[in-house]
Amino acid sequence: MASSHDAFLLAAQGAAVAEARRRVRARLRDWGIAEEICDDVSLVVSELFTNAVRHSGGEKVACAVRVERGVVRVEVADQGIGLTVPQVRVADVGEECGRGLLLVGALSRAWGVVTGQDGTTRVVWAELGATTDLP
């Protein structure tokens with residue numbers, strides 16, 4: 001499979017989470033990625049994009065997805081305004097939130113947080129295995 005890449009910018013609003021998920025899923029399908037992987041990547045995008053919207057305090061969130069050498073890499077960049085770096089936490093049994101990064105870790109080969117090239121944005125990335133439905 002050849003290298004494939006897509007990137008986009010959306011408003012940091014709750015409604016943008018579904019748009020990001022839809023766009024990434026459509027692109028992965030266009031590239032022939034297996035439906036199971038599309039499901040996992042869509043869930044990871046939802047979690048990372050939701051965190052960026054909820055915790056960054058910025059106006060925009062960028063998302064990039066790339067498939068190369070059997071790996072899907074997702075990057076979600078916020079404007080780095082949030083006070084803390086994204087990190088896994090243990091949620092209480094009754095809490096509705098707080099398990100997103102645990103889920104990202106379970107679905108991904110690896111994930112992490114880096115400072116963007118401009119020095120102000122925060123990029124949370126995750127890598128998942130990619131298989132294609134194409135012969």
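How many cavities of 30 Å³ or more does the structure hold by this rule? The count comes to 1 cavity. The structure is a predicted model, in which local features need pLDDT of at least 70 and side-chain atom pairs count only at pLDDT 80 or more, while totals for chains, interfaces and linings use all residues. Residues are numbered from 1 along each chain as its sequence is written, and side-chain values use heavy atoms, with hydrogens and water left out.

The chain has 3 helices and 5 strands. Helices (H or I, at least four residues) and strands (E, at least two) are DSSP runs, numbered from the N terminus. In sequence order the elements follow the pattern β-α-α-β-β-α-β-β. Of the 135 residues in the chain, 41% are buried. Here buried means under 20% relative accessible area, exposed means over 50%, and partly exposed lies in between (1.4 Å probe, protein chains only). A contact is defined by heavy atoms within 4.5 Å. Among contacts between residues at least 6 apart in sequence, 62% join residues at least 24 apart.

Helix H1 covers residues 14-30 and has 17 residues. The distance from its first C-alpha to its last is 26 Å, close to the 24 Å expected at 1.5 Å a residue. The expected span of a helix is 1.5 Å times one less than its number of residues. The buried residues of H1 are Ala16, Val17, Ala20, Val24, Arg25 and Leu28. The cover over these buried residues includes strand E1 (4-11), helix H2 (35-55), E2 and E3. After H1 comes Gly32, with a positive phi near 80 degrees.

The 21 residues of helix H2 should span 30 Å at 1.5 Å a residue, and its end C-alpha atoms are 30 Å apart, which agrees. The buried residues of H2 include Ile37, Cys38, Val41, Phe49 and Val53. Cys38 counts as buried because its relative accessibility is 0%. Just after H2, Gly57 has a positive phi of about 75 degrees.

Leaving out residues up to four places away in sequence, Cys63 touches Asp6, Ala7, Phe8, Val24, Phe49, Glu75 and Val76. Cys63 and Arg21 are 42 residues apart in sequence, and their C-alpha atoms are 9.9 Å apart in space. A disulfide is a covalent bond between the sulfur atoms of two cysteines. For the search, a disulfide was taken as a pair of cysteine sulfur atoms within 2.5 Å. Across the whole structure the search finds 0 disulfides.

The largest cavity has a volume of about 30 Å³. Rolling a probe the size of a water molecule over the atoms shows where empty space is left. On a 1 Å grid over the protein atoms alone, a cavity is a set of points where a 1.4 Å probe fits but cannot get out, and lining residues have an atom within 4 Å of a point. Grid points are joined across faces, edges and corners, and a volume is the space filled by probe spheres set on the points. The lining of the largest cavity is made up of His5, Ala64, Val65, Arg66, Arg73 and Glu75. Strand E2 (60-68) and strand E3 (71-78) each supply at least two residues of this lining, and the largest share, 3 residues, comes from E2. By class the lining has 2 nonpolar, 1 polar and 3 charged residues. Ala, Val, Leu, Ile, Met, Phe, Trp, Tyr, Cys and Pro count as nonpolar, Asp, Glu, Lys and Arg as charged, and the others, Gly among them, as polar.

Arg69 lies in the loop between E2 and E3. Its relative accessibility is 74%, so Arg69 counts as exposed. Arg69 has a positive phi of about 50 degrees although it is not a glycine. Most residues other than glycine have a negative phi.

Thr120 is placed in the loop between strand E4 (110-115) and strand E5 (122-129). Leaving aside neighbours within four places in sequence, Thr120 is in contact with Gln79, Gly80 and Thr115. The C-alpha atoms of Thr120 and Gln79 are separated by 6.6 Å, with the two residues 41 apart along the chain. Thr115 belongs to strand E4 and is exposed, with a relative accessible area of 55%.

Key. 1 Å grid on protein atoms, 1.4 Å probe; cavity = no way out; pocket = protein on both sides within 12 Å on 5 of 7 lines; lining within 4 Å.
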